[in-house]
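Thanks for coming, everyone. Let me put the structure up, and then we will walk through it.

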Amino acid sequence: MGILDGLFGHGSDLSPQEVHEALGGVLTQGEAVQVAFRVIRDLIVFTDRRLILVDKQGVTGRKVAYMTVPYRAITCFSVETAGSFDFDSELAIWVSGRPEPIRKTLKRGADILGIQQAIAASLR
């Protein structure tokens, strides 16, 4: 990820191996990572069971907040792909019990359609 991408909070694809290393004790036995992104220090992880949002806090990033969203709690989602002059894509996920959607910005070229497919397949 380039310096400008990091400063503007744009995400990038992560391999499942990188996610397993970062989320050692968080993933359950047999839980498979489908799609994962890094946004500066934070992670957006889609598994076969849930959505995991990892928020590293503070200067050192040693304090970490984990938000798990079961796919059954997702009521609506939208994706906006990058256009000709846009440099980023946007993901918005509405979760039951929350008035505002969870919004994440991903860099141009990120697998936003893969995210859409992962959510749609989980909402059956």
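First, a term: contact, or touching, means heavy atoms within 4.5 Å. Next, the ground rules. This is a predicted model, in which local features need pLDDT of at least 70 and side-chain atom pairs count only at pLDDT 80 or more, while totals for chains, interfaces and linings use all residues. Residues are numbered from 1 along each chain as its sequence is written, and side-chain values use heavy atoms, with hydrogens and water left out.

Now the overview. The protein has three helices and eight strands. Those are DSSP runs, numbered from the N terminus: helices are H or I with at least four residues, strands are E with at least two. Along the sequence, the pattern reads α-β-α-β-β-β-β-β-β-β-α.

How much of the protein is buried? Of its 124 residues, 36% count as buried. Buried means under 20% relative accessible area, exposed means over 50%, and partly exposed is in between, with a 1.4 Å probe and protein chains only. The protein exposes about 7400 Å², and carbon and sulfur atoms supply 52% of that. Those areas come from the Shrake-Rupley method with a 1.4 Å probe; for residues, only the protein chains shown count as cover. And take the contacts with a separation of 6 or more: residues 24 or more positions apart account for 37% of them.

On to the inside. A nonpolar core is a set of buried Ala, Val, Leu, Ile, Met, Phe, Trp, Tyr and Cys residues joined through side-chain atoms within 4.5 Å. The largest one here has 20 residues. Which members touch the most others? They are Ile-44, Phe-46, Leu-51, Ile-93 and Ile-115. Two or more residues each come from strands E2 (33-39), E3 (42-47), E4 (50-57), E7 (88-95) and E8 (102-107), and from helix H3 (112-122). H3 gives the largest share, four residues. Look at Ile-115: leaving out residues up to four places away in sequence, Ile-115 touches Val-35, Phe-37, Phe-46, Leu-91 and Leu-106. Apart from this core lies another, of ten residues, including Val-19, Ala-36, Leu-43 and Val-45.

Stay with H3. Its buried residues are Ile-112, Gly-114, Ile-115, Ala-118 and Ile-119. They sit on the same side of H3, because they cover an arc of only 160° around the axis. That arc is taken from the directions from the helix axis to the C-beta atoms. What covers the buried residues of H3? The cover includes E2, E3, strand E6 (74-80), E7 and E8. The face turned away from the buried side carries the exposed residues Leu-113 and Gln-117.

Now charges. The structure holds three salt bridges. A salt bridge is a side-chain nitrogen of Lys or Arg within 4 Å of a carboxyl oxygen of Asp or Glu.

One of them joins Arg-50 and Glu-31, at 2.7 Å from N to O. Arg-50 is in strand E4, Glu-31 is in the loop between H2 and E2, and the two are 19 residues apart. Buried or exposed? Arg-50 counts as buried, at 14% relative accessibility. Glu-31 is buried too, at 4%. Not counting residues up to four places away in sequence, Glu-31 touches His-20, Val-26, Thr-47, Asp-48, Arg-49, Arg-50 and Ile-52.

Another salt bridge pairs Arg-49 with Asp-48, at 3.9 Å from N to O. Arg-49 is partly exposed at 42%, and Asp-48 is partly exposed at 35%.

Then there is Arg-103 with Glu-90, whose closest N and O atoms are 2.9 Å apart. Arg-103 lies in E8 and Glu-90 in E7, so this pair ties together parts 13 residues apart in sequence. Arg-103 is partly exposed at 48%, and so is Glu-90, at 29%.

Last stop: Thr-47, in strand E3. Thr-47 is buried, with a relative accessible area of 0%. Beyond residues up to four places away in sequence, Thr-47 touches Leu-27, Glu-31, Ala-32, Val-33, Gln-34, Ile-52 and Tyr-71. A polar atom of the Thr-47 side chain lies 3.0 Å from the backbone nitrogen of Arg-49. Thr-47 and Ala-36 are eleven residues apart along the chain, with their C-alpha atoms separated by 8.5 Å.

That is the tour. Thank you.

Notes: Polar contact = N/O pair within 3.5 Å; in protein donor to acceptor, adjacent residues only side chain to side chain.
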